[in-house]
Amino acid sequence: YGLKDLFAVKGTRTTYGTPPFKDQVIDEDAFVYRKLDKAGAVLIAKLSMGELAMDDIWFGGQTKNPWNLNEGSNGSSAGS
C-alpha cells in the first residue's frame, strides 16, 4: 500500500509536502502505520500530497492527475 506523507514511519522522511519539513525524520511510527503493519500490510511508498495537505503543489513540484497529466491532483490525498 501507499501511505500519504502525513504519517510518520521510522527511518523515512515525513515532509507534509512543505520545505521546512523536507528532511524531517520522526523517530516513531504513526498509529495507522502500526495497525496496518501488524495486520501484515506491506508499505511500498510514501505518497506526495499538497503542501500541508492543501492543493496539488508540494516542494517537489505538482502532483499530477494520473488520468490526465495536464492537470493536478488536489488535496491531502493528491498522491494516492
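Predicted model: local features only at pLDDT ≥ 70, side-chain atom pairs only at ≥ 80, totals over all residues.
Figure 1. Leu52 sits in the loop that joins strand E2 (45–47) to strand E3 (57–58). Its phi angle is near 55°, a positive value in a residue other than glycine.

**Figure 2. Ala53 in the loop between E2 and E3.** Ala53 has a phi angle near 65°, which is positive although the residue is not glycine. Its relative accessibility is 27%, so Ala53 counts as partly exposed.

**Figure 3. The order of helix and strands.** One helix and six strands make up the secondary structure elements of the chain. Followed along the sequence, these elements give the pattern β-α-β-β-β-β-β. Of the contacts with a separation of 6 or more, 46% link residues 24 or more positions apart.

**Figure 4. Dimensions of the chain.** The C-alpha trace spans about 40 × 30 × 15 Å along its principal axes.

**Figure 5. Surface, interior and charge.** Buried residues account for 26% of the 80 residues. The accessible surface of the chain is about 5100 Å², and carbon and sulfur atoms contribute 54% of that area. The chain carries 9 positive and 10 negative side chains. The centres of these two sets of charges lie 6 Å apart.

Key:
Residues numbered from 1 in each chain as written. Heavy atoms only, no water. Helix = DSSP H or I, 4+ residues; strand = E, 2+ residues; numbered from the N terminus. Buried < 20%, exposed > 50% of the residue type's maximum accessible area, 1.4 Å probe, protein only. Contact = heavy atoms within 4.5 Å. Areas by Shrake-Rupley, 256 points an atom, 1.4 Å probe, with all protein chains shown as cover. Lys, Arg positive; Asp, Glu negative; His and termini not counted. Charge placed at Lys NZ, Arg CZ, Asp CG, Glu CD.
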